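Take a walk through this protein, one stop at a time. Keep the sequence and the 3D view side by side as you read.

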Amino acid sequence: MAKTAQEMNQDELQSYFNVQFKQGLSKQEAAERLQKYGPNELTDGEKKSSLKLFLNQFKDFMVYVLMVATVISGFLGETADAIAIIAIVIINAFLGYFQEKKAEKSLQALKNMSAPQMVVLRGGEWIRIPSKEAVFGDIVRFTAGDRIGADLRIISQSGLEIEESALTGESIPVSKDDKPVDKPSTNLGDQTNLAFMGTMITRGSGMGVIVATGMKTAMGQIAEMLETSESGQTPLQHRLEQLGKILIVSALLLTLLVVSIGIYHGNPVLTMVLAGVSLAVAAIPEGLPAIVTVALSLGVQRMIKQRALVRKLPAVETLGCASVICSDKTGTMTENKMTVTQVWTSGSLWDVTGVGYMPNGEFSPRNHFNQHKESLQKLLEYGMICNQATLEKKDKQYVIDGDPTDGAMLVAAMKYGLKRDQLLQKLEIIKEFPFDSNRKRMSVLVKDPNGRKIVISKGAPDLLVQHCINVLWNGRETTLHAKYEKQIENEISLMNGLALRTIAVAYKIVPANVDIHTEHEAEKNLTFLGIQGMFDPPRPEVKMAIRKCREAGIKTVMITGDHKETALSIAKHLDIVRRNDQILTGSELDQLSDRELKDQVENINIFARVTPEHKLRIVKAFQSRGHIVAMTGDGVNDAPAIKKADIGISMGITGTDVAKETASLILLDDHFATIKAAIQEGRNIYENIRKFIRYLLASNVGEILVMLIAMIMNLPLPLIPIQILWINLVTDGLPAMALGLDKPEENVMKRPPRHPKEGVFARGLGWKIISRGVLIGISTIFAFILVYRNQPDQLQYAQTVAFVTLILAQLIHVFDCRSEKSIFSRNPFGNMYLVWAVLSSLALMFVVLYYPPLQKVFHTMSIKPRDWLLIGAMACMPTFLLAGSLFSRKSK
């Protein structure tokens, strides 16, 4: 009976999967296997075809009503009207289809961009690929915070623990090993040398070979349970859906009133029914939630260009409400390009030259009489061994794959002429204890050529020194007395004052008869070797971004694990701290109760030496003060704080899979300035949604009032049904969508944050809708009455004048909707999408106005030149009469 992957040893695994663990698959072999076995992804649930999406546009109550109206028109012999109504329904269906298709493509693009990735070994080189390109036999590397992308047989590991609740329902992490088993288990929870797709690394690191991909994984076998995915609504979409129902009822009641009054005054019943149906279709904004979806997806696409990836649409709305940004310092406010500039060991200080990750530089001692080069070399060697970073040259530039701090120590050693591969031949790593944010340390157990075992540990100097009993001083090990501890503290303080991040290295010789099993055993009774001080320059654009946030009423809070002095130095450079602002360290935070922290948090702009667990308390403290909090994070332990924050933000480059999946926003470039840009875009998206709500509803109010006033005054119908439907098609579609693409107003980041419970009609929007809508209706009916009174026998001509006046009034009003102030405050050509949309609508209007075959269908006539002046004046009145008037000021 053939062995399973659980039972195979390393050689058997390499033979079975036809792969060398030190080389991985070749790129050609990987491509062939991808072709043979297919992509590593679970099959999605049934997707709507384009045809089904198009046909769904006709599954609407108002479309059914229109079809009934079409049948009635046909029976009455109005064939042209019937054909025109069908044509309008079809055109509307195409518009709805293209809108939904655009939103679907945008959301799929987001899904693709946030798709998981894996680090695999191909041709001896570690590369990062999309998980769907991983194949059977690939060698995969993973560490804490990663989500496993395929089923793996673990081939090496260090302190590996995996949370498998996605499969087993058990939330407690399971310890894993790389040993073959004698009796393979079929119970997923008992398969200790396998790692499964969808599970999460909570601790440690390791490597594995892929044994199953896609639907052949354990997750794939229960994929049917995963296909019932929900597409939730954003709070705004939900509110607008509820609002839409109220507006539908209101519009139907008003339409019924119009029809009843018309019949009462002697108008033909069928004519009034058709007019009522057309008016209801035009006046009911049943597409508001759909338009919001499109606007959100288009806005999200713009945010991607700003290097911000939105994972959850509600975050777009919340961004506009953010009042506090709690941001990591390293990599977000700084460039995350660590460079070792000072080294202290054996009582001697060395300056290190060089910029960035280029491995060229020199070491020069401050004291030429006390150099101790052997201690310096040992410090650099041990820093290079206890290290997980690699240096690569891409496009003539050196880049680090791994943690920037590790990268800085690696480059410093290379500047001294050391080579990692040669060092690993001299010092073989036999066990690794990965870094975690609680210990703030990483350790390795190595063996030298003489068989002697050595523990090498690196981490935060103030914590690592607590685990040391000796110090290397003047080239010799000596007991770590208080005077040496004081000297070490002074060196740390001096480096921190220069805004240098400090990392210490310590070691110990392990007796031959002692085995090291845990980090606790490894990291005690150490010898303090030295400190490396590295500089991480502030990002040049961050200072301006912080200033812009302050102008927008947003408080910026720096959160860092670095020392108080380092954080303060960077914060001063970035203009974060003010005269009365306080700095709080993690140890001081531990001394405060939640109530005390709540009372003090408003005056604190820097939290130093904090752990991820502290972040959760900080978020809760600001939220208890009524703030909407954005919190950044990148590690596994940051997930609770990211989840608790109103806007959880993960780093796209350095962030773990756990942090990314918890976050609602991912910074693709890890820049603080991107947070500011995302907030600005979030505010703009919300304002654009308000703009087209304002435009659509004001237009609908105007259309209803035209008909209602005419019926009350016992006038003939100012608009016939087919004209009402055409107005709805021409004015509501393209111009409304173009408003969703409008650029931010100049003062969008000079306003205070929006209150999260602010209503859609807040800040005078309701008044603007009613006042403009009333004037649009009055100006249209006034133009109709003037022409009809002068030419009572030319009803069709008067209806044409009303038709054109109403269209032009709405198309002029759309430019007024671009600003909270007035139409004069913004350049009309600032949104060319809107200009082209309006020109397209005008072109369609002129076609039905002057093209003879369509004149018969829409019952229009050519407008006389003198009446164009009347139409122009009446169409301009609703917008220009209120610009800067009392009616506009009411909204302020």
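Start at Arg625, which is partly exposed, with a relative accessible area of 37%. Here, buried means under 20% relative accessible area, exposed means over 50%, and partly exposed lies in between (1.4 Å probe, protein chains only). Those areas come from the Shrake-Rupley method with a 1.4 Å probe, and for residues only the protein chains shown count as cover. This is a predicted model, in which local features need pLDDT of at least 70, side-chain atom pairs count only at pLDDT 80 or more, and totals for chains, interfaces and linings use all residues. Residues are numbered from 1 along each chain as its sequence is written, and side-chain values use heavy atoms, with hydrogens and water left out.

What does the side chain of Arg625 meet in a salt bridge? The partner is Glu602, at 3.5 Å from N to O. A salt bridge is a side-chain nitrogen of Lys or Arg within 4 Å of a carboxyl oxygen of Asp or Glu. Side chains of opposite charge can pair when their charged atoms come close. Now place the two partners. Glu602 sits in the loop between α21 (594-600) and β24 (604-608), and Arg625 in the loop between α22 (612-624) and β25 (629-633), so the pair ties together parts that are 23 residues apart in sequence. Helices (H or I, at least four residues) and strands (E, at least two) are DSSP runs, numbered from the N terminus. Glu602 is partly exposed, at 26% relative accessibility.

Some salt bridges share partners. One network built this way joins Glu687, Arg690, Glu745, Arg751, Glu758, Arg763, Lys768 and Glu820. How many salt bridges does a search of the whole structure find? It finds 37.

Go to another pair. Lys458 and Asp406 meet through their side chains in a salt bridge of 2.9 Å, N to O. Lys458 belongs to strand β17 (residues 453-459) and Asp406 to helix α13 (residues 404-415), so this pair ties together parts that are 52 residues apart in sequence.

Glu29 forms a salt bridge with Arg33, and their closest N and O atoms are 2.7 Å apart. Both lie in helix α2 (residues 27-37), four residues apart, which is about one turn of the helix. Glu29 is partly exposed, with a relative accessible area of 24%. Arg33 is buried, at 7%.

Now look at helix α1 (residues 10-17). Its residues Leu13, Gln14 and Phe17 are buried. Why do they lie on the same side of α1? They cover an arc of only 100° around the axis, so they share one side. That arc is taken from the directions from the helix axis to the C-beta atoms. The face turned away from the buried side carries the exposed residues Asp11, Ser15 and Tyr16.

Turn to the surface. Met67, Ile86, Ile90, Phe94 and Phe98 form a nonpolar patch, with about 430 Å² of accessible area together. Patches are made of residues with over 30% relative accessible area and no salt bridge; like charges are joined within 9 Å, and nonpolar side chains (Val, Leu, Ile, Met, Phe, Trp, Tyr) within 5 Å. Helix α5 (residues 79-113) gives the most to the nonpolar patch, with four residues. Ile86 is found in α5. At 34% relative accessibility, Ile86 is partly exposed.

Lys548 lies in helix α18 (residues 542-551). Its relative accessibility is 32%, so Lys548 counts as partly exposed.

Finish with the backbone. Most residues other than glycine have a negative phi, and most peptide bonds are trans. Asn474 is not a glycine, yet has a positive phi of about 50°. Asn474 lies in the loop between β18 (468-473) and β19 (476-479). His859 also has a positive phi, of about 55°, although it is not a glycine. Find His859 in the loop between α31 (852-858) and α32 (865-880).
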